Amino acid sequence: MGIRLEGLISAIILPLLLTMVLFLGPLIQLAMDCPWGFIDGMKVVVDPCFWTLCLGDMRWLRNQVVAPLTEELVFRACMLPMLVPCAGPSTAIFTCPLFFGVEITATFSMYVSLGHLVGPVLCHSFCNYMGFPALSTALDHPHRLTILSFYVLGVVLFFLLFFPMTDPFFYGLPTPVCTLTSTSGSICS
């Protein structure tokens, strides 16, 4: 089900970093429009009062904790292992997201194929926080060329870094949990 300790640090950092690269344009736009400096933002993040407020807000808990955890657990960690033997890994990885909505990408399924549930849960939570990228506000922004350049750069870097950053070696796996090609009779290890 993707719950194990080996490779946990990589499973926390690499998929989240990769997803943040994909959101490079919206993150740059957020940084440009935010009245706070980086230090001010870090002070808020480490402030226990901030986390007390977040944990006391049922909408925040639903969007950032409960929804990502339950959706990834049910639809990835449970459904994907059942779909792979029936449909094959390629079909299963790209079909699984259709069962609970097109807004969640097949990328999260690819993260689960690395044997950890924590990566998709954190990325799902991050995407819930960021929302769908608002291209219309980027087009109307005074620094639109810069922001749109970061949108494109983020997508390009995501595709360039995806396979290197999802190498099973980083996650404590000699081979992926599910592979896209079968060298023996077995698809999943």
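Let me begin with the helices (DSSP runs of H or I with at least four residues, numbered from the N terminus), because α1 (8-22), α2 (24-33), α3 (38-45), α4 (48-56), α5 (58-87) and α8 (118-130) each supply at least two residues to the lining of the largest pocket. This is a predicted model, in which local features need pLDDT of at least 70 and side-chain atom pairs count only at pLDDT 80 or more, while totals for chains, interfaces and linings use all residues. Residues are numbered from 1 along each chain as its sequence is written, and side-chain values use heavy atoms, with hydrogens and water left out.

The largest pocket holds about 1,100 Å³ of space, and of the 23 residues lining it, L27, L30, G41, V45 and Y129 are the closest to its centre. A pocket here is an open set of points on a 1 Å grid over the protein atoms alone, where a 1.4 Å probe fits, with protein on both sides within 12 Å along at least five of seven lines, and lining residues have an atom within 4 Å of a point. Its volume is the space filled by probe spheres set on those points, which are joined across faces, edges and corners.

What classes of residue make up the lining of the largest pocket? There are 19 nonpolar, four polar and no charged residues, where Ala, Val, Leu, Ile, Met, Phe, Trp, Tyr, Cys and Pro count as nonpolar, Asp, Glu, Lys and Arg as charged, and the others, Gly among them, as polar.

Turning to the packing, the axes of α1 and α10 (residues 144-165) come within 8 Å and cross at roughly 160°, with axes fitted to C-alpha atoms over the stretch in contact and angles running from 0 to 180 degrees between N-to-C directions. The two helices α1 and α10 are therefore roughly antiparallel, a word used for angles over 145 degrees. Their contact (heavy atoms within 4.5 Å) includes L14 and L17 of α1 and F158 and L161 of α10, and its residues divide into eleven nonpolar, one polar and no charged.

Finally, α2 and α10 pack at about 145°, with their axes 6 Å apart, and the residues of that contact are eight nonpolar, four polar and no charged.

Terms used:
Angles under 35 degrees count as roughly parallel, over 145 as roughly antiparallel, 65 to 115 as roughly perpendicular and the rest as oblique.
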